[in-house]
Amino acid sequence: MSLFWIVIRQLAEFEAMATSKKVITREDWEKKLNDVKIRKEDMNKLVMNFLVTEGYVDAAEKFRMESGTEHIDLATITDRMAVKKAVQCGNVEDAIEKVNDLNPEILDTNPQLFFHLQQQRLIELIRNGKVEEALEFAQEELAPRGEENQSFLEELERTVALLAFEDVTNCPVGELLDISQRLKTASEVNAAILTSQSHEKDPKLPSLLKMLVWAQNQLDEKAAYPRINNLSTAMLEDPAV
């Protein structure tokens, strides 16, 4: 991410300058970029970190072979993605079983994660119209945990409130039935498994891109320069003068 370091360096240089904006031409900017040397190995590790964390098994293996980066255990990625997919499909019981097969301590030592998985089971029962089973499950499995934790109790009350509405489209907690709720739970499980395997729970690349956006916004106040407005293309756009 040589561009990020260039932006940070320019920010430091402009701190002591006058308030009027300096104009940096594309030629000067590209020269600064070329002067920053980043090892190819570090870039490869950054890409591999993203592929492994996000679970792109085939792409990770192909990239490992082409780039010569360190060996990765594809089985751990495959197992983790199976858990994630099960939650995303609403098969929470299957997901819990798979997590316990991987490492029983993940749920034993993370009561919040276990509660959220049980909450997702309750949501799926409500989604499928199993009202009596949902009420029984809420009372036997979730209510005792709610008594021990106020935040759990509040989440349980929000979830059970779904049963009070025939038309969930007008329900104030209807978002619990959205696919985004499944994805949120799946992401939480994915992060917990990564942590248990001594991996970072979030890929580094998105964080670096956020840092780049922040740095550019800071530099905008001090200079006009070729900036990246579209992160997907990473094309430099000439400064407006």
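How many nonpolar, polar and charged residues are in the lining of the second largest pocket? The tour ends there. This is a predicted model.

**Stop 1: two helices**

Select residues 40–54, helix α3, and residues 57–67, helix α4. Their axes lie 9 Å apart, and the packing angle is about 165°. Angles over 145 degrees count as roughly antiparallel, so that is how α3 and α4 run relative to each other. The crossing of α3 past α4 is left-handed.

Now show side chains. On α3, pick N44, V47, M48 and L51; on α4, the residues they meet are A59, A60, F63, R64 and S67. By class, this contact has 6 nonpolar, 2 polar and 1 charged residues.

**Stop 2: the largest pocket**

Keep α3 on screen. The largest pocket holds about 620 Å³ of space. To find its centre, select K45, L46, M48, N49 and E70, the closest of the 28 lining residues. α3 gives the most, with 10 residues. Colour the lining by class and you get 10 nonpolar, 10 polar and 8 charged.

**Stop 3**

Move to α6 (92–102) and α8 (111–127), which each supply at least two lining residues here. The space is about 180 Å³. Select G90, N91, V92, E93, D94, R121, E124, L125, N128, K130 and E133 to see the lining. Here is the reply to the opening question: 2 nonpolar, 3 polar and 6 charged.

Technical notes:
Residues numbered from 1 in each chain as written. Predicted model: local features only at pLDDT ≥ 70, side-chain atom pairs only at ≥ 80, totals over all residues. Heavy atoms only, no water. Axes fitted to C-alpha atoms, helices over the stretch in contact; angles between N-to-C directions. Helix = DSSP H or I, 4+ residues; strand = E, 2+ residues; numbered from the N terminus. Parallel < 35°, antiparallel > 145°, perpendicular 65-115°, else oblique. Left-handed = near helix turned anticlockwise from the far one by under 90°. Contact = heavy atoms within 4.5 Å. Nonpolar A, V, L, I, M, F, W, Y, C, P; charged D, E, K, R; others polar. 1 Å grid on protein atoms, 1.4 Å probe; cavity = no way out; pocket = protein on both sides within 12 Å on 5 of 7 lines; lining within 4 Å. Points joined across faces, edges and corners; volume = space filled by probe spheres on them.
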